[in-house]
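Let's take a walk through this structure together, one chain at a time. Have the sequence and the 3D view open, and we will begin with a term that the tour relies on.

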Amino acid sequence: MPIRVVRVAGVATVAVCVVASAAYGLVSTLPAPTHGDRVAVRVLDRLQSTRGRGGVMQIGGLTERVSCERLRGGRHLVDLDDGTRLVLSGTHARRLGERMRGRVLASVTRLPSLTSAEADLSGSHALYATQLASQLAHGRTILVGSTVVRGRPAYRLRLTHARPLLELLVARGSLTPLVAVYRSATVSGRTVLGPSTTPYRWHAC
Amino acid sequence: MLTAAPGPAVRFLRFAVVGSIGYVANLAVFALLVHDARLGYLAAATVSFSAAVALNYVLNRAWTFRDARGRFLVQGARFAAVSCAALGWNLLVLHLLVTAGLDKLAAQSIAVVAAVPVSFAGNRLWAFRAQTGERAALLSPSRAAAYRTVALWWGLSRALVLLTALAVQALRWPRAAWYPSLVHHPFALLGAWDGRWYRMVAERGYLSVPSHQSDVAFFPLFPILLGGLHRLGLSLDTAGLLLANVGLLVGLAALYELVRTWLPEQVAVRAAVYAALFPMGYVFSMVYPEAIVLAAMALAGVLAFRGRWWAAAVAAALGGFARPEAIFLAVPLLALTVRRWPSLGDADRGRALAAVGAAPAAVAGVALYDWHMFGNALAFSSAQREWGRWFSPDGVARAVQELARSPGTENVWLFRDAGFCLLYLVLLAIALRAGVPASWVIAGGLIVLLPLETGSFTSDGRFGLLALPAYAGLAVAGRRRWLDLLVRCGSAVLLVAASATVLMRWP
């Protein structure tokens with residue numbers, strides 16, 4: 001009797017193990033994520049576990065400091081040296097009443113894509129994370145090459161699908177965001193990003 | 001005239017000899033087509049494989065299995081199916097061995113040998129199985145008429161869904177702005193929502209993205225099949241639509257057979273017809289795995305009922321590999337096993353238990369993969385959190401609260417899902433009262449109710465499509481002529497309406 005029970009249980013157990021192994025084997029036949037996808041996921045993890053504090057923005061031939069701080073409700077306030085203030089909510093940017101002081105980007109203020117350029121170059125890790133996650137969710141190619149930033153080897157990650165183009169350059173080893181690059185038909189710019197900070201710094205974004 | 005049956009060893013030897021001839025023929029035809037006819041290598045491989053299968057069939061029928069000859073076309077179709085399955089097994093073993101670092105030629109040599117027993121067993125046990133009374137009765141006149149009816153309603157219902165999708169896309173209704181990204185395919189509407197994720201898994205595999213919606217939430221069978229058809233030259237959209245719609249035809253036939261084991265013939269036919277017309281059934285034509293899972297679950301039930309436990313195990317495993325809801329098949333299969341236990345031999349007892357465990361084992365295989373790749377065996381479930389779903393003891397309360405808050409918001413569509421949830425429960429109760437086994441009704445109830453534990457009614461209308469006894473309940477309800485007419489017409493109208501609004505709310 002026990003031998004019969006063992007036989008029955010044995011057949012069932014072996015069959016169940018074969019099914020589970022076959023399932024495992026079959027899933028393994030799906031394409032493996034590319035190196036670029038894996039880098040993008042690691043960068044996303046990095047962006048979500050750190051915050052940015054702005055940097056030095058070059059846009060329309062001018063250079064100015066940009067800082068970024070967190071507001072309530074998941075929004076961020078972007079402050080430029082020329083008095084421009086933007087509120088970022090997700091991937092939407094809204095320009096606040098401009099306090100005109102110091103240098104004004106007179107030549108470019110009227111360009112329609114300026115607000116979007118300034119937002120994208122604000123150094124907000126939350127914004128970059130949202131855009132990167134969206135690219136991943138659409139299965140797009142993100143890692144578009146490598147480059148060197150101030151002597152450091154870096155990856156070039158594309159955060160937008162079409163124009164305007166936004167690229168984030170991250171250090172190859174630490175995946176620290178180094179530079180954000182923006183290009184549209186009318187505006188081009190880049191921000192050399194300041195050092196990242198921990199997510200516990202409420203004034204960073 | 002009776003023909004003496006050869007012994008197992010002789011038969012296997014003959015099979016191997018025929019297989020070798022087929023192998024040589026395959027290569028010869030391939031070489032002819034590629035070098036002389038200048039055909040593309042994929043097309044040439046398809047033709048040479050088909051030619052080799054045809055030759056093998058004729059030789060095996062005339063020599064290896066001459067004592068078990070049945071109807072030429074039926075056995076031929078089965079032989080072709082077994083050959084395709086063996087080819088799939090061959091490719092899987094080849095892939096695993098190459099991935100493990102073996103030389104490609106050496107890996108193929110092993111893979112070809114590994115496929116021979118699979119092919120032999122499939123042909124011996126199925127394609128060239130001896131005729132019995134049950135098999136002879138397989139296509140009795142009444143059954144043939146039932147199949148014709150089911151096929152007719154499948155065609156009508158799919159025509160309604162496909163034409164509606166086509167018309168809606170052509171009219172750019174309800175919001176023109178949604179359409180630019182969809183116009184790449186005349187039926188692109190049916191590839192929306194989860195279809196995008198399945199296509200993405202087929203293209204690039206799984207990529208777990210922490211704290212964001214990611215594709216690990218979608219089970220692998222459907223994307224694997226999509227990828228396979230894509231490699232044969234079909235676009236992923238077309239492959240998805242083909243799989244879903246053909247899967248539904250198989251599913252309806254299997255549902256008819258399953259309901260036939262519970263209730264009278266006419267009710268079984270009606271159940272399959274109502275399933276074809278069911279308002280949420282537009283999902284069966286989308287790039288979603290629901291139609292395939294419906295087929296797998298119903299087939300598992302039918303095959304288990306007929307005592308073909310291995311085949312039931314395969315069907316259940318396929319179901320579990322395509323959608324996690326299929327694990328609830330374990331309930332009716334276990335109940336059937338328990339009921340038949342005293343009359344089963346030891347071998348059948350083992351097989352029956354294997355069938356019970358097959359769907360959960362397939363889900364476990366996916367979990368094992370998730371654990372190995374992403375460090376989280378429940379990654380497929382955890383990913384649902386980013387869609388606002390997670391299991392918790394207060395899930396049902398959260399679902400009700402969400403429903404209560406939804407009037408006046410875009411979430412008012414929740415009432416559609418809540419309405420279907422209620423309808424499924426009523427239909428399951430009718431089915432139980434009509435004599436459908438309680439184990440099947442319990443499985444259906446779990447499929448409908450368990451998602452509410454994740455805190456939302458969202459998509460319950462779609463999940464409930466796999467509660468098979470609900471169709472039996474509807475068929476019982478439609479036993480009067482005027483009710484039957486009402487259900488058919490009402491369902492058809494609602495099916496068109498649901499198909500037309502697919503972009504307004506995900507199923």
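A residue is called buried here if 20 or more other C-beta atoms lie within 10 Å of its own. Please keep in mind that this is a predicted model.

Let's start with chain A. By that criterion, 36% of its 205 residues are buried. The chain holds four helices and ten strands, and along the sequence these follow the pattern α-α-β-β-β-β-β-α-α-β-β-β-β-β. Among contacts in chain A between residues at least 6 apart in sequence, 54% join residues at least 24 apart.

The strands come together in an open sheet of ten, with antiparallel pairing and the order β5-β4-β3-β2-β1-β10-β9-β8-β7-β6 (chain A). At the edges stand β5 (92–95) and β6 (143–149) of chain A; each has a single partner strand, so one side of each is left without a neighbour in the sheet. On average, neighbouring strands of this sheet are turned by 25° against each other, direction ignored. In general, strands of a sheet pair through backbone hydrogen bonds, either parallel or antiparallel. For a local example, look at strand β3 (residues 75–80) of chain A and strand β4 (residues 85–89) of chain A: they run antiparallel and are joined by five bridges. If you pick out A:V78, you will find its bridge partner in β4(A), namely A:L86.

Now turn to helix α4 of chain A, which covers residues 125–137. Its 13 residues reach 18 Å from the first C-alpha to the last, close to the 18 Å expected at 1.5 Å a residue. Which residues of α4(A) are buried? They are A:H125, A:A126, A:L127, A:Y128, A:A129, A:Q131, A:L132, A:A133 and A:L136. Just after α4(A) comes A:G139, with a positive phi of about 70°.

In the contact between the two, 31 residues of chain A meet 37 residues of chain B. On the chain A side, the elements that give two or more residues are α1 (2–28), α2 (35–49) and α4 of chain A. The largest share, 17 residues, comes from α1(A). By class, this side of chain A has 21 nonpolar, six polar and four charged residues.

Chain B itself is assigned two domains, domain 1 (8–131) and domain 2 (139–500). Taken over C-alpha atoms, the centres of domain 1 of chain B and domain 2 of chain B are separated by 33 Å.

The buried residues of α6(B) include B:W153, B:W154, B:R158 and B:Q169. What do the buried residues of α6(B) pack against? Their neighbours are α9 (236–260), α10 (265–277) and α21 (481–500) of chain B. After α6(B) comes B:R172, whose phi is positive, near 55°.

Our last stop is B:S50, in helix α2 (residues 41–64) of chain B. B:S50 counts as partly exposed because it has 14 C-beta neighbours inside 10 Å. Finally, follow chain B from B:S50 to B:A404: they are 354 residues apart along the chain, and their C-alpha atoms are separated by 58 Å.

Conventions. Residues are numbered from 1 along each chain as its sequence is written. Chains are lettered from A and ligands numbered from 1 in the order in which they are written. This is a predicted model: local features need pLDDT of at least 70, side-chain atom pairs count only at pLDDT 80 or more; totals for chains, interfaces and linings use all residues. Domain bounds come from an automatic or database domain assignment. The expected span of a helix is 1.5 Å times one less than its number of residues. A residue is buried if 20 or more other C-beta atoms lie within 10 Å of its own, exposed if 12 or fewer, and partly exposed in between; C-beta atoms are placed from the backbone. Two residues are in contact if their C-beta atoms, placed from the backbone, lie within 7 Å. Ala, Val, Leu, Ile, Met, Phe, Trp, Tyr, Cys and Pro count as nonpolar, Asp, Glu, Lys and Arg as charged, and the others, Gly among them, as polar. Two strands pair if DSSP finds at least two bridges between them. Axes are lines fitted to C-alpha atoms, for helices over the stretch in contact, and angles run from 0 to 180 degrees between N-to-C directions.
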